[in-house]
Amino acid sequence: MKLVFPDYIELRESDIRRVESLMEVDVYHDIPPSEADLIQRIKEAEFVVPSVSDITATVIQQSPHLKYIIVPGIGYDQIDVTAATNAGIQVINCPTHNLPAVAEYTMGLIFAITRKLFEARMSLQNGAWQPWLFQGTEVQGKTLGLIGYGGTGRAVEKLAIALGMTVIHARSKTPPDQLDQLISTADIISLHLPLTPQSKYLMDERRIGLMKPTAYLINTARGAIVDPHALLAALKENRIAGAALDVFENEPIGSEPDAAILELARLENAIATPHIAYNTLETMIRLGDELMNNIQACLQGHPINVVNS
């Protein structure tokens, strides 16, 4: 059996050694390989663990031995799941290792945007001492609207309740009118759902327009859940209080961010960070364990965390 890490992955060497104790392993470190290189790398593999590479229908068709695609994260929107299913390949994710990190980071973004922490820091770095410019708002007593109520959403809810917030949520089966009601009610809206054809641009111009002018939008899920042009316009026109984003549509991989990301990042009522909510030492340790559990379950003939079963 052979497993390939076809691109850069944040995993301890000791965890790679653990995988090597079970099967042949190839490890690559570039971000990302071309499709041709990707196909060449995994053509003999039964397992592939792609961190950023797109596993397209073409890649799948050229991988005759492939049995398992294990995504080292919660989201799997870079995988053509339909093509994998048609080829008899099981797509597996790692849904729990980064929950504490993303939940904590979400709350950190909420504090940062509502208390103007980044603006105050930059002001002081530039030599000014003007505390009266940075009046914020408290989160205690505010309503947090969670769109998406899986593991991450529930972890955020637990932290928010401890801070005295009221939490309301919408699931994938929540009727559209109830989702609209949540958006128009919440003081802070936080996104915690996967990117699917149904959720792309879920927060479009109309729904952003439902937000209260004092409300904030937080996104640590997937960038394309929010229409970036609609959000940019709302922020520029001060139709909402602000937004804090760790994810973006068309995120760069091994290159510089595009003009659209930079334009939003430079707004005074926005906070933008380069997709780091998951990135803690503890997350990396838990990922090694979760990845091993997934691999061993496959080898035992009883795969877990299968998203296309």
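The model is predicted, and local features need pLDDT of at least 70, side-chain atom pairs count only at pLDDT 80 or more, and totals for chains, interfaces and linings use all residues. Residues are numbered from 1 along each chain as its sequence is written, and side-chain values use heavy atoms, with hydrogens and water left out. Helices (H or I, at least four residues) and strands (E, at least two) are DSSP runs, numbered from the N terminus.

- Within H10, the residues Ala-230, Leu-231, Leu-232, Ala-234 and Leu-235 are buried, where buried means under 20% relative accessible area, exposed means over 50%, and partly exposed lies in between (1.4 Å probe, protein chains only).
- The buried residues of H10 pack against helix H9 (205-210), strand E9 (216-219), E10, H11 and E11, and contact here means heavy atoms within 4.5 Å.
- After H10 comes Asn-238, which has a positive phi, near 55°, and which sits in the loop between H10 and E10.
- Asn-238 is exposed, its relative accessible area being 55%.

**The nonpolar cores**

- A nonpolar core is a set of buried Ala, Val, Leu, Ile, Met, Phe, Trp, Tyr and Cys residues joined through side-chain atoms within 4.5 Å.
- In soluble globular proteins, nonpolar side chains tend to be buried together.
- The largest nonpolar core has 31 residues, of which Ile-147, Leu-191, Met-203, Leu-217 and Leu-231 touch the most other members.
- At least two residues of this core come from each of helix H8 (176-185), strand E8 (188-191), helix H10 (228-236), strand E10 (242-245) and helix H11 (259-265), and the largest share, five residues, is supplied by H10.
- Apart from this core lies another one, of 20 residues, including Met-23, Val-49, Leu-287 and Cys-298.
- Beyond its neighbours within four places in sequence, Ile-147 is in contact with a set of residues that includes Ala-170, Leu-179, Ile-189, Leu-191 and Met-203.

**The five-stranded sheet**

- Five strands form an open sheet in the order E2-E1-E3-E4-E5, with parallel pairing, and two strands are said to pair if DSSP finds at least two bridges between them.
- At the edges are strand E2 (24-27) and strand E5 (90-92), each of which pairs on one side only.
- Strand E3 (residues 47-48) and strand E4 (residues 68-70) run parallel and are joined by two bridges, and Val-48 has Ile-69 as its bridge partner in E4.
- Lying across strand E1 (2-5), E3, E4 and E5 is helix H12 (residues 281-299), which runs at about 170° to E4; axes are lines fitted to C-alpha atoms, for helices over the stretch in contact, and angles run from 0 to 180 degrees between N-to-C directions.

**Cysteines**

- The structure holds zero disulfides, a disulfide being a pair of cysteine sulfur atoms within 2.5 Å.
- Cys-94 is in no disulfide, and the nearest cysteine sulfur, that of Cys-298, is 10 Å away, which is too far for a bond.
- Cys-94 is buried at 0% relative accessibility, and Cys-298 is buried with a relative accessible area of 5%.

**Selected single residues**

- Thr-152 belongs to helix H7 (residues 151-162) and is buried, with a relative accessible area of 11%.
- Not counting residues up to four places away in sequence, Thr-152 touches Ile-74, Leu-99, Val-102, Ala-103 and His-192.
- His-169, in strand E7 (residues 166-170), is partly exposed with a relative accessible area of 32%, and, again leaving out residues up to four places away in sequence, His-169 touches Leu-146, Tyr-149, Glu-157 and Leu-182.
- His-275 lies in the loop between strand E11 (270-272) and H12, has a positive phi of about 55° although it is not a glycine, and counts as partly exposed at 26% relative accessibility.
- His-169 and His-275 are 106 residues apart along the chain, and their C-alpha atoms are separated by 23 Å.
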